[in-house]
Amino acid sequence: MNKFHGTGVALVTPFNADGSVDYDSLAKLINYQIDGKVEYLVSLGTTGETATLNKDEKKKIWAFTAEINNGRLPLIAGIGGNNTAEVVQEIKTFDSTGYDAILSVSPYYNKPTQEGIYQHYKAISESTDLSIMLYNVPGRTASNMSSETTCRLATDCKNIIGTKEASGSFDQFNQIMRDKPAGFLLISGDDPVALPMIALGAVGVISVVGNAIPLLFSEMIRLCLKGDFKGAQALHLKTVEFTRLAFEEGNPAGIKAALKYYNVCGDHVRLPLVSASDRLTQLISTQIKQFSN
């Protein structure tokens with residue numbers, strides 16, 4: 001699974017001013033990531049505002065992303081939800097041409113027990129031959145997938161290959177690293193803690209800020225994976241304030257403001273999200289200018 005070592009970028013979905021999907025900018029974004037030397041792409045993770053996309057839009061975006069990527073980088077599709085039967089059906093009908101794996105978020109809102117989370121992912125695993133990556137993000141789902149459940153799934157379901165961990169708990173990260181099967185991938189789901197997570201054994205990050213600063217951020221991750229933490233630390237500290245600002249008014253409003261500065265795509269988002277404030281946009285622009293210093 002070396003194809004998922006390093007920096008994966010959870011792509012934003014560019015929109016036009018009228019709210020329609022901006023496919024020209026999506027193509028530009030994909031090429032921007034490839035030129036930025038990231039290792040793989042994630043299409044329609046939560047950063048892609050999937051909650052506001054209908055089924056036809058998602059299918060078109062997945063197909064378009066695979067077409068533009070054209071096999072240049074490994075691709076992961078985000079397919080998740082809190083209705084297990086619906087997620088299973090979506091995966092069964094998913095055209096996986098050009099895709100290497102599925103990233104599936106832990107069920108949100110319902111607040112299932114650990115056994116419920118286990119059975120949800122077991123059903124997903126049994127519905128497909130594609131590789132599955134777990135995604136634990138308690139800040140959005142209102143429930144935590146424990147290290148025990150993560151490692152149980154990793155052991156019992158052979159096509160579950162890794163987890164995007166965004167619990168923020170280093171106790172949990174440590175337990176996963178200690179108890180996981182060999183070859184199971186621990187991947188950071190939080191840009192600010194990617195460096196220390198790699199120090200304890202994570203194989204990389206699925207990044208939001210990489211959308212805007214792919215070259216800088218992916219180089220930091222590569223230095224970490226080489227064990228050059230002194231070199232990585234300098235780049236990490238260089239990006240700390242930018243990363244903080246990118247999330248200050250929610251994701252992906254801040255990172256879209258940065259992408260607009262770089263002329264990759266506009267900063268339009270779909271309600272209930274709103275674009276970054278003028279104040280934050282100015283702060284992000286000022287921070288970006290410092291990267292060239």
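Predicted model: local features only at pLDDT ≥ 70, side-chain atom pairs only at ≥ 80, totals over all residues.
## Helix packing, aromatic pairs and buried residues

With a relative accessibility of 1%, Thr 65 counts as buried.

**Buried residues and their neighbours**

- Setting aside neighbours within four places in sequence, Thr 65 is in contact with Leu 11, Leu 26, Ile 30, Ser 43, Leu 75 and Tyr 99.
- Gln 33 belongs to helix α1, and its relative accessible area of 0% makes Gln 33 buried.
- Beyond the neighbours within four places in sequence, Gln 33 touches Val 9, Leu 11, Val 38, Leu 41, Gly 210, Asn 211 and Pro 214.
- Leu 11 is among the contacts of Thr 65, and Leu 11 is also one of the contacts of Gln 33.
- Ala 258 sits in helix α11 and is buried, with a relative accessible area of 0%.
- With neighbours within four places in sequence left aside, the contacts of Ala 258 are Ala 212, Phe 242, Ile 284 and Ile 288.
- Ala 258 and Ala 246 are twelve residues apart in sequence, and their C-alpha atoms are 7.9 Å apart in space.

**Aromatic pairs**

- The model has eight aromatic pairs.
- One of them joins Tyr 23 and Phe 64 in an edge-to-face arrangement, at 5.1 Å centre to centre with 65° between the planes.
- This pair links distant parts of the chain, with Tyr 23 in helix α1 (residues 23–35) and Phe 64 in helix α2 (residues 55–69), 41 residues apart.
- Tyr 23 is buried, at a relative accessible area of 17%; the cut-off for buried is under 20%.
- Tyr 32 and Tyr 262 form a tilted pair, because their ring centres are 6.3 Å apart and their planes stand at 40°.
- Tyr 32 lies in helix α1 and Tyr 262 in the loop between α11 (253–261) and α12 (278–290), so this pair ties together parts that are 230 residues apart in sequence.
- Tyr 32 is partly exposed, with a relative accessible area of 22%, and Tyr 262 is partly exposed too, with 28%.
- Tyr 32 and Tyr 262 form one aromatic cluster together with Tyr 261.

**Helices α3 and α4**

- Helix α3 (residues 84–92) and helix α4 (residues 114–126) have axes that come within 9 Å and cross at roughly 20°.
- Angles under 35 degrees count as roughly parallel, and α3 and α4 are therefore roughly parallel to each other.
- The crossing of α3 with α4 is right-handed.
- On the α3 side the contact is made by Thr 84, Val 87, Val 88 and Ile 91, and on the α4 side by His 120, Ala 123 and Ile 124.
- By class, this contact of α3 with α4 has five nonpolar, two polar and no charged residues.

**Helices α6 and α7**

- The axes of helix α6 (residues 147–156) and helix α7 (residues 170–179) come within 9 Å, crossing at roughly 30°.
- At that angle, α6 and α7 are therefore roughly parallel to each other, and their crossing is right-handed.
- From α6, Ser 147, Glu 148, Thr 150 and Cys 151 meet Gln 172, Gln 175, Ile 176 and Asp 179 of α7.
- The residues in the contact of α6 with α7 divide into two nonpolar, four polar and two charged.

**Helices α9 and α10**

- Helix α9 (residues 214–225) and helix α10 (residues 229–248) have axes that come within 8 Å and cross at roughly 150°.
- An angle over 145 degrees counts as roughly antiparallel, and α9 and α10 are therefore roughly antiparallel to each other.
- The crossing of α9 with α10 is left-handed.
- Leu 216, Phe 217, Glu 219, Met 220, Leu 223 and Cys 224 of α9 make the contact with Phe 229, Gly 231, Ala 232, Leu 235, His 236 and Thr 239 of α10.
- Sorted by class, the contact of α9 with α10 has eight nonpolar, three polar and one charged residues.

Methods
Residues numbered from 1 in each chain as written. Heavy atoms only, no water. Axes fitted to C-alpha atoms, helices over the stretch in contact; angles between N-to-C directions. Helix = DSSP H or I, 4+ residues; strand = E, 2+ residues; numbered from the N terminus. Parallel < 35°, antiparallel > 145°, perpendicular 65-115°, else oblique. Left-handed = near helix turned anticlockwise from the far one by under 90°. Contact = heavy atoms within 4.5 Å. Nonpolar A, V, L, I, M, F, W, Y, C, P; charged D, E, K, R; others polar. Phe/Tyr/Trp six-rings, centres within 6.5 Å; stacked < 30°, edge-to-face > 60°. Buried < 20%, exposed > 50% of the residue type's maximum accessible area, 1.4 Å probe, protein only.
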